[in-house]
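Trainee: I've got a new model open and I'd like to learn how to read its pockets and its sheet. Can you walk me through it?

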Amino acid sequence: MQQIERYFPELTERQKQQFAALDELYRTWNARINVISRKDIDALYEHHVLHSLGIAKAFPFIDGTKVMDLGTGGGFPGIPLAILTPGVHFHLVDSIGKKIRVCDEIIQALGLVNVTTEWTRVEKLQAKYDVTVSRAVAPIEELIRWSKPLSKRLICLKGTGEVKEGKGIEIKPLSNYFKEEFFQEKAVVSVVF
């Protein structure tokens with residue numbers, strides 16, 4: 001939690017409380033349904049929450065933006081981003097119902113009003129979004145194929161060597177924003193369609 005406050009010192013008290021509540025919520029739900037690797041739960045804030053927030057450090061959202069979290073799993077990156085940017089609407093999508101159930105419970109417990117969820121495959125979505133975000137779901141080519149019909153831009157978390165810059169593709173290493181060793185080989189990739 002201290003890492004979150006160090007890198008995001010402008011948090012309100014409500015946001016601090018919401019971020020602080022994530023530890024107990026994810027530990028409780030992870031004991032029932034494996035949404036985070038059990039060996040990684042102790043690194044929740046660094047490996048999952050702060051990693052997710054890297055998207056907002058590299059490419060900040062403006063209020064009113066509609067964002068789809070493609071393959072949200074246990075709510076990453078969508079839930080941390082929703083806490084950080086309450087003026088942005090997030091729609092969390094996953095094809096596994098029990099993961100969406102965990103997201104729903106965490107969203108309700110945190111009192112987040114800027115997040116909706118949907119249990120479906122991305123190919124079945126009809127809605128349009130400003131941005132698609134994703135973390136640890138699929139190779140960039142698949143993410144582009146799924147995102148392009150639904151949004152104007154894809155922003156995803158990848159390893160620094162996974163994607164090459166090119167037309168419409170911008171890569172920002174997370175080590176530009178976060179000092180921890182975990183982020184040395186990680187990047188935020190933006191693809192504008």
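Trainee: Which element gives the most to the lining of the second largest pocket?

Mentor: Keep in mind that this is a predicted model. To read a lining, sort its residues by the element they sit in. Here strand S5 gives the most, with three residues. Helix H3 and S5 each supply at least two residues of that lining.

Trainee: What is the volume of that second largest pocket, and how do its lining residues divide?

Mentor: Its volume is about 170 Å³. The lining divides into three nonpolar, three polar and four charged residues; among them are His47, His51, Arg135, Glu162 and Lys186.

Trainee: And the largest pocket, which residues are closest to its centre?

Mentor: Gly71, Thr72, Gly73, Asp94 and Val137, out of 24 lining residues. That pocket has a volume of about 450 Å³, and its lining divides into ten nonpolar, eight polar and six charged residues.

Trainee: Now the sheet: in what order do the strands run?

Mentor: You get S3-S2-S1-S4-S5-S7-S6, an open sheet with mixed pairing. S3 (115-119) and S6 (169-173) stand at the edges with a single partner strand each, so one side of each has no neighbour in the sheet. The twist averages 20° from one strand to the next.

Trainee: How do S4 and S5 pair, and what packs on S5?

Mentor: They pair in the parallel sense over four bridges; Thr132, for instance, has Leu154 in S5 as its bridge partner. Helix H6 (140-147) packs on the sheet, touching S1, S4, S5 and S7, with its direction at about 160° to that of S5. Helix H3 (44-58) lies across S4, S5, S6 and S7, at about 150° to S4.

Conventions. Residues numbered from 1 in each chain as written. Predicted model: local features only at pLDDT ≥ 70, side-chain atom pairs only at ≥ 80, totals over all residues. Heavy atoms only, no water. Pairing = 2+ DSSP bridges. Axes fitted to C-alpha atoms, helices over the stretch in contact; angles between N-to-C directions. Contact = heavy atoms within 4.5 Å. 1 Å grid on protein atoms, 1.4 Å probe; cavity = no way out; pocket = protein on both sides within 12 Å on 5 of 7 lines; lining within 4 Å. Points joined across faces, edges and corners; volume = space filled by probe spheres on them. Nonpolar A, V, L, I, M, F, W, Y, C, P; charged D, E, K, R; others polar.
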